[in-house]
Amino acid sequence: MKKLNQLLADITAIKVVGNAEVEITSVTNDSREAKPGALFIAVKGVAVDAHKFIPQVVAAGAAAVVCEDLPENLNDTVTYIQVTDSTIALAHLASAWYDHPSTKLRLVGVTGTNGKTTIATLLYRMFRAFGHKAGLISTVCNYIDDEPVPTEHTTPDPI
């Protein structure tokens, strides 16, 4: 658990309505995963605007909601944080929730038009062969050391 104000340290809020000292038990951008004490980040996606699920997460007991547009009816047991871009806020909040893991890792990114998966896989296997702990995020499969990690998207969710 973390205090909401600790998680908010890396984002710029337009407005905070409610108690920023509230205890947060989980962080999610999936309304189906919202439970008591959760921080829900409402992201405007291409197909679905998660702002429409704010009433559901509040009913499920979420302690706080990050959103671009404040709901018309605010529940006074919930803290609302209005931001300019909830997608960017999601990335910062996920990092803060997990104690900024990228500061403790050496990261290698591969960009380009062709061959990214091949190069990333070769690098992953090379690092493992030399005895380093390594992870791989690719369109074929994700790994943490030698353990496959299932994914539904080519780019994993920040959380």
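Reader: So two strands pair if DSSP finds at least two bridges between them. With that settled, what is the bridge partner of Ile 144 in S10?

Author: Glu 147 is the partner of Ile 144. Bear in mind that this is a predicted model. Ile 144 belongs to strand S9, residues 142-144, and three bridges join S9 to S10.

Reader: Parallel or antiparallel, S9 and S10?

Author: S9 and S10 run antiparallel. They are part of an open sheet of three strands, ordered S8-S9-S10, with antiparallel pairing.

Reader: Which strands stand at the edges there, and why does each have a side without a neighbour?

Author: The edge strands are S8 (135-136) and S10 (147-149). Each has a single partner strand, so one side of each is left without a neighbour in the sheet.

Reader: Changing topic to S6. Are its faces covered or open?

Author: Both faces of S6, residues 64-67, are covered. Ala 64 and Val 66 lie on one side, Val 65 and Cys 67 on the other, and all four are buried.

Reader: Why would neighbours in sequence end up on opposite faces?

Author: Because side chains in a regular strand alternate between the two faces of the sheet.

Reader: Which residue in S6 partners Leu 39?

Author: Ala 64 is the bridge partner of Leu 39. The strands concerned are S5, residues 38-41, and S6, which run parallel and are joined by three bridges.

Reader: How does the chain get from S5 to S6?

Author: The path goes through helix H2, residues 54-59, making a right-handed β-α-β crossover.

Reader: And what does Val 65 bridge to in S7?

Author: Tyr 80 is its partner in S7. S7 covers residues 79-82 and pairs with S6 over four bridges, in the parallel sense.

Reader: Now the whole chain. How many helices and strands?

Author: Four helices and 10 strands. From the N terminus, the order is β-α-β-β-β-β-α-β-β-α-α-β-β-β.

Reader: What box do the C-alpha atoms fill, and what share of residues is buried?

Author: The C-alpha box is roughly 55 × 30 × 25 Å along the principal axes. Of the 159 residues, 33% count as buried.

Reader: Last one, charges. How many positive and negative, and how far apart are their mean positions?

Author: There are 13 positive and 17 negative charges, with mean positions 7 Å apart.

Terms used. Residues numbered from 1 in each chain as written. Predicted model: local features only at pLDDT ≥ 70, side-chain atom pairs only at ≥ 80, totals over all residues. Heavy atoms only, no water. Buried < 20%, exposed > 50% of the residue type's maximum accessible area, 1.4 Å probe, protein only. Helix = DSSP H or I, 4+ residues; strand = E, 2+ residues; numbered from the N terminus. Right-handed = clockwise from strand over helix to strand, strands pointing away. Lys, Arg positive; Asp, Glu negative; His and termini not counted. Charge placed at Lys NZ, Arg CZ, Asp CG, Glu CD.
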